[in-house]
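This report goes through helices, a sheet, nonpolar cores and aromatic pairs. The sequence and structure come first.

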Amino acid sequence: MSRSIRTITAAAAALLLATACNSASTGGASEGDGKGGGSVRGVTDDSVKVGGIVSMTTASGYSKKDTDLGAKARFDRANAEGGVHGRTIDYLGAEDDGQDPGKNLAAARKLVQREKVFAISPMSSVTFSGADFLQKQKVPTFGWGTVPPFCGPAYMYGFGGCMVPMPGGTITQSWPEGLKKVMGGAKGKSVAILANDNDAGTFAIRTYKQSFAAAGYEVTYAKSTVPATSVPSDWSAYTKEILRSDGGKAPDAVVSVMQTPYNIGLFTAVKRAGFKGVITDPTDYDPGLLAKSATKKALDGVHVLLTFQPFEQDTADMRQFKKDIRKAAGKDVPLNMHMMTGYMSADLFLAIAERAGKDLTLDSFQRAADNYSDTGTMVGDRKLREGQKESFGCGALVQLRDGKYSVSSPFKCYEPIPFK
């Protein structure tokens, strides 16, 4: 196991079980190496087996369960169109890791060793402790590249590229650049950034502190101090610091890199304290959140970062996405970003599998991934292997106002900056 993969995995999860990778492997030459001489794990003459890992339940109540629906919708359409080179996608659905490191690894081992999947798509969890195991077993894995394991390892693919690069990589500028449209530019504008006290939060602060500063903002506050294990009942200590961070006065923007339950508490607190500036996060694009009046009030006015085309944008791809989701759900359902995560994870897997040709092996799949590129997708222009070092650099902002989302900064691609 390489030192670089150990480093990446350590950054991805707060806890790893030391004995996790010591069980018997089923990824030998007969089932996993793609070099011929036997069957390829998960591949038959008429099907390809794929499974997912998603945080459907969490201690905070936050759920990504609709990621599974998004993947199913995309795979269903592929199958209806004849599959990939005559093979249908046998999608097993997603395992729930409960946002727990041990369960994430257990889910990965179950899908590979028991279910014999060819690939994992989608993988959507901030706790990706199964990354080392999947890399060792040569399992192509697709998800939202917001955790470090999607940045570097040969078998990991972020559908929007690598969002949290290692030194030597790049940082996408879609968030601070998009906010310039909202705030009338960055000159003379200050931002305060808050995250959880875990590895993901620490890494987010390091990344976005550089990102906003490079875009011309003054970063007056950047801390990962909010307990990740439970949502605070009292936010006064945080709001007091934040709202005095710009030389004793409030910053022009409050940037949260946390999940919805935390954002509801923080945003409610800063609003009650009289904050009138811009509030933004990368999480709360979900019409289902509007069902509760308190939640709707807390999130009103918030600008949410998207790394894909907004649902409000009328394009042929977006119309197809909505049609696919409706068909898979069996009815009209409120759209959310988790559906898009699953859908685009599946879409990238399908695109590479199509390029791999009829003789699908791990080797042919990886060769197809090398130098893969396409343009004009719902996440922008995709390019590999660059996408394992940097994001595709595209994004938009939507604002929730009076119970409805509207585009506050259109979907656009920006030049990344070096990550230091």
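## Helix H6

Gly216, with a positive phi near 105°, follows helix H6. Helices (H or I, at least four residues) and strands (E, at least two) are DSSP runs, numbered from the N terminus. The model is predicted: local features need pLDDT of at least 70 and side-chain atom pairs count only at pLDDT 80 or more, while totals for chains, interfaces and linings use all residues. Residues are numbered from 1 along each chain as its sequence is written, and side-chain values use heavy atoms, with hydrogens and water left out.

H6 covers residues 199-214; at 1.5 Å a residue its 16 residues should span 22 Å, and the end C-alpha atoms are 23 Å apart, which agrees. The expected span is 1.5 Å times one less than the number of residues. Buried residues in H6 include Phe203, Ile205, Tyr208 and Phe212, where buried means under 20% relative accessible area, with a 1.4 Å probe and protein chains only. The buried residues of H6 pack against several elements, among them helix H5 (174-183), strand E7 (190-196), strand E8 (218-226) and strand E9 (253-257).

## Helix H8

Helix H8 (residues 260-272) has 13 residues that should span 18 Å at 1.5 Å a residue, and this agrees with its end C-alpha atoms, which are 18 Å apart. Of the 13 residues, 10 are buried, so the helix is mostly covered. Among them are Tyr262, Leu266, Phe267 and Val270. The cover over the buried residues of H8 includes E7, E8, helix H7 (236-242), E9, strand E10 (278-281) and helix H9 (293-299). After H8 comes Gly274, whose phi is positive, near 95°.

## The five-stranded sheet

Five strands form an open sheet in the order E2-E1-E3-E4-E5, with parallel pairing; two strands pair if DSSP finds at least two bridges between them. Strand E2 (88-96) and strand E5 (156-158) are at the edges and have a single partner strand each, so one side of each is left without a neighbour in the sheet. From one strand to the next, the twist averages 20°.

Three bridges join strand E4 (residues 141-143) to E5 in the parallel sense, and Phe142 has Tyr157 in E5 as its bridge partner. H11 packs on the sheet and touches E1, E2, E3, E4 and E5, with its direction at about 155° to that of E3. Helix H3 (residues 101-114) lies across strand E1 (47-54), E2 and strand E3 (119-124), and runs at about 170° to E1. Axes are lines fitted to C-alpha atoms, for helices over the stretch in contact, and angles run from 0 to 180 degrees between N-to-C directions.

## Nonpolar cores

A nonpolar core is a set of buried Ala, Val, Leu, Ile, Met, Phe, Trp, Tyr and Cys residues joined through side-chain atoms within 4.5 Å. The largest has 78 residues, and Phe118, Phe321 and Phe349 have the most contacts inside it. Helix H11 (residues 337-356) gives the most to this core, 13 residues. Another core, of 19 residues, lies apart from it and includes Ile193, Ala253, Val278 and Leu397.

Beyond its neighbours within four places in sequence, Phe321 is in contact with Phe311, Leu335, Met339, Met340, Tyr343 and Met378; contact means heavy atoms within 4.5 Å.

## Aromatic pairs

There are 21 aromatic pairs in the structure. Rings of Phe, Tyr and Trp (its six-membered ring) pair if their centres lie within 6.5 Å; planes under 30 degrees apart count as stacked, over 60 as edge-to-face and the rest as tilted. Trp235 and Tyr238 form a tilted pair, 5.4 Å centre to centre with 55° between the planes, and both residues are buried. Ring pairs also link Phe75, Tyr91, Phe118, Phe142, Tyr157, Phe349 and Phe365 into a cluster.

How values were computed:
Buried means under 20% relative accessible area, exposed over 50%, partly exposed in between (1.4 Å probe, protein chains only).
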